[in-house]
Amino acid sequence: MQVHRARHLLAASAIVSLLLPLGSLAAPSAEKRADREALRAALLQVLQRPSLKVSRVGVHMQSLDDGSVVFTHNADELLNPASNVKLVTSAAALAVLGPEFRFETEFLVDSGLGADGKVKTLYVRGKGDPSVTTERLWSVASELWHAGVREVGDIVVDDAWFDAERTPPGYDQEDSDRAYMAPTGALSLNWNAVAIYVRPGASPGAKGIVEMEPPSDYFIVENQLSTGARRARRVSVTSDPVGAQQKIVVRGQVPPERGGATSQWKKIDNPPMYFGQTLKQLLSTRGMKVRGRVRQGLTPSAARMVYVAQSDTFDVLLKRLNKLSSNFVAEQLLKTLGAEGRGAPGSFAKGVEVVEQFLEREVGISRGTYVMKNGSGLNDANRFSATQINKLLRYMYGRFPFAPEYLSSVPIAGKDGTLKYRFEGSDAVGRLRAKTGTLEGVSALSGYVTSAGGERFSFSMMVNDFAGRAGPIVAGLDALGAAVAATGSSLGPSSAVAALAEGGKSSGAIDDVAARIKTYLELGRQRDSRNLGFLRTAWRSERDPAVRAVLAESLYQSNPHDYLGARTLLDSYSAGNDVYGRLREVARVLSVEVPGVTSMVELAAAGNTEALARVLELAGATGADVQAQGELSVALGEVARTAPEALVVALRTALPADREAATTLLARSLVEAGQGDHPFWKSLRRMLGAADPQVAAFAKGLDSTLSQKVAEAKAPRPSEGGGAVQVVAPAGGSPPPPPPPRPAGSAPEARTETRPGG
């Protein structure tokens, strides 16, 4: 009887244990409770930072070992996750397509190849491969040669696997030709972007050199580039569709001493024609004659296969999507999910349906509780909560067939991807894997971390509606992640938070700091990628914010093609006295231009919105420094020439004091240019008819303000003796403008980072 009763009690306890959460089977030890309390205190401390306190923040962290919620803060609020949406897209694609899935691109002919190798029509049928590059297409040309093809009539590009809608919802909120806005296409090449390389001519005044990569008849290049003086650095690249081709216009000047060539990447407009025209060029280079033209069309059902180009397996492509945060790959995947799951042609709407089905049936996130309109997270199109993202992460972690591929696709803190330069010096390096997300006013970080004590966690952190620079927000997210990673260590989470405090402290006499900075400036001028390792190590260990900003510039200059280098510079450089103010002192000691300004202007002139905002902040921080005003006046003139419309948008969102200072300096530069048909005036007056009435109204006000300031700048200035003198520009430079007016009490030291959203 006693044995029978014991069996019943054992069975009952087993059922209860199955019903209870894993973490409730045993009370946490006193040591674990202390660790959790220390972690909670550290996280609350970070959330009290001014930059986070005034923002909308959602955080959800959970133990992967016992299932307990470690920390939560506004976790159910729907926020813009930015590129954290790629975690959703990649999870659904991995589950639906499988890690062994390969994209295929088919090459077919009307009939079999004859002995002469002549092909009347070569058909190319795409299936959405996002990984075709010039190198792979050259390999295809070689395969066709070895298959016996020697002469081709027409090349017909078949793009029908996807529908005709090139860009998803959210992309229409931004008018840009930058590569991250690349359109989708069943036939795509080089992530549907093109590199435009520029380099100086033989001497100042000589025509600059412009080269396309890849070379293709798809492009019509208009070269208006010249070799300028030593300080010349203004290069503008614009593109416009012209029928089935694309026109690339390169204007401006490039300095003669710049080593090698620099490049800009621009999106292309017509993916199948870009693919077809580049293929035509490569076939000719390989030795095949192409007698016909490239045109779009459908592949006949009777066409015979000559060659099939397969991509790497999907698990390999997944790394490019998440580690490099490729918008293009994400949107290609969304359409592929639509075509594979709902039938061709693939569309964004069909792709979202497949993702929603995956989230509801497998993850347990109901439709209607979130908003998903695109696969990349670009702009203001999606809403998820931290709880929902964390639930997805936990699901993928526990689904063994996909977990290794999924976890290995996200960046590793301090090691690779978009986290290469983050979390330096913390326990998170190598322990934390997470997807970043960055938009204007949005920053996010979601993923996995193993703490120093050996416990594993999943987390999702999203910040929305912050004003000013992203740097302090990113520092706050890093501090949250580092605190979790330090749990169980001898120093604990609070020490990790203190080590990643917002900003460092200025230290050392200015002469000593200048000597150190001089070394880093020399390394940056070498533009040698072999210096990256040393510079990165120095940047990670440096605590002086001014020296750190110079190291960031040297990192950017050593590899200007690396997005992360530009990102590091933008996050490290500020207009405050601790960076820009001290670097002006360094510039006087070393008799050089203020470090960092040249690179910031270079980014701004290319249309980088954050760099534009930073240049305007620098204009507002010049105070009564005549030399700094002269530099910024020249800089704003260059930006006005190469990115006029972007400059107007940046002025509209700038602080009033910064806008006032910047327009005064810009007026001086426009007077110095002496051109009534200056590109800035044309763009500004074109914006008077903008569809957005607020933009049009701002453009009208700016036109009036600038016209008045230009008139004032042209007017003779009274001399000390009461007469009138005309300001004459000295040889080689513009006249130093007067200090820009500032509201009372708004000294540079008291500047705020808050910027109105309107």
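Visitor: What does K247 count as at 29% relative accessibility?

Guide: In this predicted model, K247 counts as partly exposed, because its 29% falls between the cut-offs of under 20% for buried and over 50% for exposed.

Visitor: Which residue forms a salt bridge with K247?

Guide: The general idea is to look for a side-chain nitrogen of Lys or Arg within 4 Å of a carboxyl oxygen of Asp or Glu. Here E222 pairs with K247, their closest N and O atoms being 3.0 Å apart. This pair links distant parts of the chain, with E222 in strand 8 and K247 in strand 10, 25 residues apart. E222, with a relative accessible area of 26%, is partly exposed.

Visitor: Where do D625 and R584 lie, and how close do they come?

Guide: D625 and R584 form a salt bridge whose closest N and O atoms are 2.8 Å apart. D625 lies in the loop between helix 20 and helix 21, whereas R584 belongs to helix 18, so the bridge ties together parts that are 41 residues apart in sequence. Both partners are buried.

Visitor: How many salt bridges does the rule give, and which residues are linked in a network?

Guide: The count comes to 37 salt bridges, and K32, R36, D66 and E455 are linked in a network of them.

Visitor: How should I read helix 6, and how many of its residues are buried?

Guide: An α-helix has 3.6 residues a turn, so residues three or four places apart point the same way. Helix 6, residues 271-286, reaches 22 Å from its first C-alpha to its last, close to the 22 Å expected. Helix 6 is mostly covered, with 12 of its 16 residues buried, among them Y274, F275 and L282. Just after helix 6, G287 takes a positive phi of about 115°.

How values were computed:
Residues numbered from 1 in each chain as written. Predicted model: local features only at pLDDT ≥ 70, side-chain atom pairs only at ≥ 80, totals over all residues. Heavy atoms only, no water. Helix = DSSP H or I, 4+ residues; strand = E, 2+ residues; numbered from the N terminus. Expected span 1.5 Å × (residues − 1). Buried < 20%, exposed > 50% of the residue type's maximum accessible area, 1.4 Å probe, protein only.
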